[in-house]
Structures are given as structure tokens and as C-alpha cells.
Amino acid sequence: MSLFDIIGPIMVGPSSSHTAGAVRLGYVTRKLLGQEIKEAVIGLYGSFLATGKGHGTDRALVAGLLGMKEDDERIPHSFEIAEERGMKFRFEEAMLKGAHPNTVEITVTGTEGKVRTVVGSSIGGGSIKISRIDDIETNFTGEYPTLIARNQDKPGMVMKVADLLGELDINIANLNLYKDKRKKGTAIMIIECDDAIPEEIIEIIRSWDGIGRVIYLCREGMKVSRHTEEMAARYREKRAAVFAWAEQKEEW
């Protein structure tokens, strides 16, 4: 048990589950959309619906959608800030069955037209769980550095990413693969790691054939370790040598 487990997160608001967790849910939804949010429909379920307003859950969710963190002093004023930024939002009852009491279903529309629906729960102490992205059932918390990639549903795709992380000596804490029901022939891999992943490695994965959109979630302030940086440098050297050999071979 850590000190965090005893005293809870550093936050603005009266409740770690109804306020800090709600901010986190909004923030992760924003990251999953990958655009500035133009409009949000926020469906509240269970105790979020029954007591959320008194705990500031509504303002906390909007704050997260605006990109605020749990300790941001502007959280109580998120409605006004959203209006200033031109972000429209409305609340409704979420029609869910058997969900965690502190659950929200958020459908966001980005400034570039992208639409995403995220279902997530605040499970206590400021921690969350994302249970659905669009039509894809998921199960991750966002506590670990998390790589989310849409990929062609064919053999070898997940292993290719796992092998690269292995070369960097990054341990995989959890790995899940989900079929994409909306787009046949594609899947979503969600990989939670023990260590932060360098941005250049994320860009390499993005460049691969068979990989679509890649989202990387990592808690603010978590830095790539020196060991991982050293392993990434070795991988860069190895990769450069392979490219140089391939070019030389092509000249012949």
C-alpha cells in the first residue's frame, strides 16, 4: 500500500471518485479523440447521475474534456471556460446495464469532424477504467503507459510491436486485442507497459504497414528512463545499419 492509497490523489474537489476520477475520464476521452473538442454529449449513470452534481462531477468531466488535470484550480469554472472556448456540451442519462455505479458515456465530436464514444468508470481513489471505445469492448486503466493501435487483423501484427518493445527492454504489463466490429479486417491492440515509451518509437510504429492510428497515453511527469533511452539509441543504430545495407544492396 502506498501513501497515495491512504490519502488519495492531489486534486481539486470534494471526492476522489466523483471529482478526480471524473476529471481523468474526461481527459482520457480527449486524448482518445486526438482533436480539440467541439461538442460533447455526456451520459451519466448510477451515482454519477444521482449525486454527481453535488460532488461537482459535471464540472469535473467538462474540465477533463478541456484538458485540465485533477489539481487544476480552474475545475469549478469549467462550464464558463468551455463557453469561452466554444465547446458545447450537454448532460443526459446514460442507458447502460450492469455498469459500475460511477460510469459515464461520453460522445465527443472534434473540430476536424472526428466522433468518438468512450465509456469509463471512476473506480475509487481517482483511478478509472475504460470499458468501451466506440463499439470495441476494452479494459484498461490509463495508470500505465498505454499504447493503443488500430491494426490489420492478421498474424504477426501484435508480435511485431511486442518484439520492438522487447528490444527496448520495456516490459509489457497487460496486452489485449479486440476485434473492430465497425471496420471488418481490423483490430485494436492495447498494450500497457511498465515503462514510458520514447516518442520516436511511437512514430516508428505509426510508420509500419498494417498499422493505422496510434494513441499513446502516459501520465504527466512520467519520463522515459535512462535505460530505455540507451536501448532506444542501440535500436536506432541497428535500424540505420539495416537501411544502409538495404540501400547498398539496391545499388548493386
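Predicted model: local features only at pLDDT ≥ 70, side-chain atom pairs only at ≥ 80, totals over all residues.
**Exercise 1. Confidence and overall content**

Describe the chain as a whole, and identify a stretch that calls for caution.

*Solution.* Step 1. Consider confidence. The average pLDDT of the chain is 87, and 88% of the residues score at least 70. Over residues 1-15, however, the pLDDT is below 50, and this stretch has 26 contacts in the model beyond near neighbours in sequence.

Step 1. List the elements. The chain contains eight helices and 10 strands.

Step 2. The chain has 252 residues, of which 47% count as buried. Among contacts with a separation of 6 or more, 69% are between residues 24 or more positions apart.

**Exercise 2. The strand partners of β7**

With which strands does β7 pair, and in which sense?

*Solution.* Step 1. Take the pairing with β9. β7 and β9 are antiparallel and share seven bridges. Within this pairing, R150 stands opposite I188 in β9.

Step 1. Take the pairing with β10. β7 and β10 are also antiparallel, over five bridges. Here L147 stands opposite Y216 in β10.

Step 2. Consider burial. Six of the seven residues of β7 are buried, and the strand is mostly covered.

Step 3. Follow β9 to its other partner. Strand β8 (residues 172-179) pairs with β9 (residues 186-193) in the antiparallel sense over seven bridges. K179 stands opposite A187 in β9. The hairpin of β8 and β9 has six residues between the strands, and G185 takes a positive phi near 90° there.

**Exercise 3. A glycine in a loop**

Is G142 buried or exposed?

*Solution.* Step 1. Locate the residue. G142 is in the loop between β6 and β7.

Step 1. Compare the accessible area with the cut-off. G142 has a relative accessible area of 2%, and buried means under 20%. G142 is therefore buried.

Step 2. Identify its contacts. Leaving aside residues up to four places away in sequence, G142 touches R24, E192 and R219.

Step 3. Relate sequence to space. I128 is 14 residues from G142 in sequence, and the C-alpha to C-alpha distance is 7.3 Å.

**Exercise 4. The covering of helix α4**

How many of the nine residues of α4 are buried?

*Solution.* Step 1. Count the buried positions. Helix α4 spans residues 57-65, and eight of its nine residues are buried.

Step 1. Name them. The buried residues are T57, D58, A60, L61, V62, A63, G64 and L65.

Step 2. Look beyond the helix. Just after α4, G67 takes a positive phi of about 100°.

**Exercise 5. A pocket and a cavity**

*Solution.* Step 1. The largest share, three residues, comes from β7.

Step 1. Classify the pocket lining. Seven residues are nonpolar, none is polar and five are charged. The lining includes D134, I136, R150 and I188.

Step 2. Turn to the cavity. The structure holds one cavity of 30 Å³ or more. The largest cavity has a volume of about 40 Å³.

Step 3. Describe the cavity lining. R24, Y27, V28, K31, L217 and C218 line the largest cavity. Helix α2 (residues 16-33) gives the most, with four residues. By class, four lining residues are nonpolar, none is polar and two are charged. R24 is a lining residue of this cavity and also touches G142.

Notes
Residues numbered from 1 in each chain as written. Heavy atoms only, no water. pLDDT = per-residue confidence, 0-100. Contact = heavy atoms within 4.5 Å. 1 Å grid on protein atoms, 1.4 Å probe; cavity = no way out; pocket = protein on both sides within 12 Å on 5 of 7 lines; lining within 4 Å. Helix = DSSP H or I, 4+ residues; strand = E, 2+ residues; numbered from the N terminus. Nonpolar A, V, L, I, M, F, W, Y, C, P; charged D, E, K, R; others polar. Pairing = 2+ DSSP bridges. Buried < 20%, exposed > 50% of the residue type's maximum accessible area, 1.4 Å probe, protein only. Points joined across faces, edges and corners; volume = space filled by probe spheres on them.
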